[in-house]
Number of protein chains: 2
Amino acid sequence: MGAVGSLRASGPDPIPAGQAHGEDALTALLSLVQDDLARCNRTIVARMQSPVELIPQLAAHIVAAGGKRLRPLLTLSCAKLCGYAGGDRHVSLAACVEFIHTATLLHDDVVDDSALRRGLASANAVFGNKASVLVGDFLFARAFELMVEDGSLRVLAILSRAAATIAEGEVLQLVTQNDLSTTEDRYLAVIEGKTAALFAAACQVAGVVADRPEAEEQALARYGHNLGVAFQLVDDALDYAADQAVLGKTVGDDFREGKITLPVLAAYAAGDAAEREFWRRTIEESEQTADDLEHAMRLVEQRGAIGTTIDRAARYAADACAALDVFPDTPIRRALLDAASYTLSRAR
Amino acid sequence: MGAVGSLRASGPDPIPAGQAHGEDALTALLSLVQDDLARCNRTIVARMQSPVELIPQLAAHIVAAGGKRLRPLLTLSCAKLCGYAGGDRHVSLAACVEFIHTATLLHDDVVDDSALRRGLASANAVFGNKASVLVGDFLFARAFELMVEDGSLRVLAILSRAAATIAEGEVLQLVTQNDLSTTEDRYLAVIEGKTAALFAAACQVAGVVADRPEAEEQALARYGHNLGVAFQLVDDALDYAADQAVLGKTVGDDFREGKITLPVLAAYAAGDAAEREFWRRTIEESEQTADDLEHAMRLVEQRGAIGTTIDRAARYAADACAALDVFPDTPIRRALLDAASYTLSRAR
């Protein structure tokens, strides 16, 4: 598997308790909360209904299309980690977290005219920008209705804060787009907002419904936050990974949109004059020709920028695992540690 | 003032206690809650801040650009009507209502490629679709943070329900666009969702913070709902009102977008074969030439469709006023009755 070698983090594996790698890493988690996840899926389908037919139609296109349900999975398994046995609150909140995630996906797909002209296709291409925005709004509102039904102001505080932070992260991403002078700190602020905030909230609310002490709630938030950063770093690396293209997955979306991610920042920082000129033209000026993506992927590879990004992700994943030290060693804790391996294994 | 004659509702004025007409109709309300409104404006500016600079910049473009603050005005004056004197909760919730309204405005401005190609300009033309969507999301999330700080689950239930209903109304509007077979009931469902739901919630939450009995809370909701429908009907009439063009206001937005509103439905229903063909071409096929708007306005006028719409609005305004019967006759109640006149006076 030489093709994936470029994606392997250098140095020793920092994940302490990872038993399983690759797709297996999520299997343990999935099997431990299987029933809860099935109920969560039923809640999702039941609560995305509306007399306005386009809403469930469009929502189904993205919600029911599957996805890994990673965020609800976190809520459900953190609830199990906390020994929650008080009813179905974790199931409703897991659905709520997925609705918020889906709303942001729909809104993230909105494109400006310029992007459309560059020929970008996205989920909303089927239904149009406006429908995506409005159905996203519906799912977002529905998420809050689910929280209100749950009745915990603490849960509402955590998730409304997360929602605002997500929006801030997304706006910051828009602001940094096409700007190679973006600092790594600013890039981290983007992914902490757009991805890690909801991962953290998804885990933390489980501690709330299980009525665990503040320290455990914070540990769950820390686990989710670091896991989310690791997940996004790997995602950003995969967008420049040649072997992903081989596997039939999409690469180059970030490149085409001029998104500023760590692989680009690292390759740009390490590049010579000609390389920097290449990045300026393609990312800052958005002037791209057919061969540019392949060249970009080669530069990212040659400058070790994928390795840099994955190393960073591995450190966050290790921090995620460390946050779970306050919990006793149980199958669900081990499965959550494996989930941290999973975020990295996608790049192996 | 012959030019505005076409907008006058036929029949006797159904508003019982309207003392003032035209712009004056809001003056009493504004002067009675002046201090609260000033505090609400300060809350709005304070709470739309974010370290991500584009957020307050873009929000200021639309929030601070003024507008009549009609919805927060309703929350503040309904709180006064209920004798609320328990603190600043009504001010925070008024700001929250305005944030939700602003978020929907920003999202309503999102256009699809086809609309852009037809040369529509909107607020988001300055910043782009995506920024409008994301800043709208931020304001929406911030609105929920304000509600969580308020701490009333009942308020949260009312406003999260309203938010979902608004989204449903907006999606339904999108679905009915360009479709002349839309029934009046369906059109009413659109405006009840996109406009009346937030008017109703803005009024109802005032009853909650003032801890008034359920009957009064429901009366406030009914006042707001009917006022909202009246307001939107008049708005839809004004879009085809020739004298508005004379006054320098925008007309024809709905026509250009192929939006289905009562003036169009009424003119289409009453039209002869040639007129129906005109409406089909312009509204259903979106094939419009430079002279078409003027012709549409003439048809709407000749077929009495403006009168039909305003008559309908007057009935809703009367129902709004009737809902306030449960409250004692005070200056604030009279000012709220005048506000119902105001919704109509915009068309006189």
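Is B:Cys82 buried or exposed, and what is its relative accessible area? In this predicted model, B:Cys82 is buried, with a relative accessible area of 8%. A:Cys78 is likewise buried, and its relative accessible area is 0%.

Across all chains, the search of the whole structure returned 0 disulfides. For A:Cys78, the nearest cysteine sulfur belongs to A:Cys203 and lies 3.7 Å away. Because a disulfide requires two cysteine sulfur atoms within 2.5 Å, A:Cys78 is in no disulfide. B:Cys82 is in no disulfide either, the sulfur of B:Cys78 being the nearest at 6.7 Å.

The contact between the two chains draws on 42 residues from chain A and 42 residues from chain B. Together the chains bury an area of about 3,800 Å², and carbon and sulfur atoms account for 71% of this area. On the chain A side, A:Lys130, A:Leu134 and A:Glu168 contribute 16% of the area buried against chain B, more than any other three residues.

Several helices of chain A each supply at least two residues to the side that touches chain B, namely α3 (54-64), α5 (89-108), α6 (113-117), α8 (129-150) and α9 (153-176). The residues of that side comprise 26 nonpolar, 6 polar and 10 charged.

Terms used: Residues are numbered from 1 along each chain as its sequence is written. Chains are lettered from A and ligands numbered from 1 in the order in which they are written. This is a predicted model: local features need pLDDT of at least 70, side-chain atom pairs count only at pLDDT 80 or more; totals for chains, interfaces and linings use all residues. Side-chain values use heavy atoms; hydrogens and water are left out. Buried means under 20% relative accessible area, exposed over 50%, partly exposed in between (1.4 Å probe, protein chains only). Contact means heavy atoms within 4.5 Å. Buried area is the accessible area (1.4 Å probe) that two parts lose on being put together, summed over both. Helices (H or I, at least four residues) and strands (E, at least two) are DSSP runs, numbered from the N terminus. Ala, Val, Leu, Ile, Met, Phe, Trp, Tyr, Cys and Pro count as nonpolar, Asp, Glu, Lys and Arg as charged, and the others, Gly among them, as polar.
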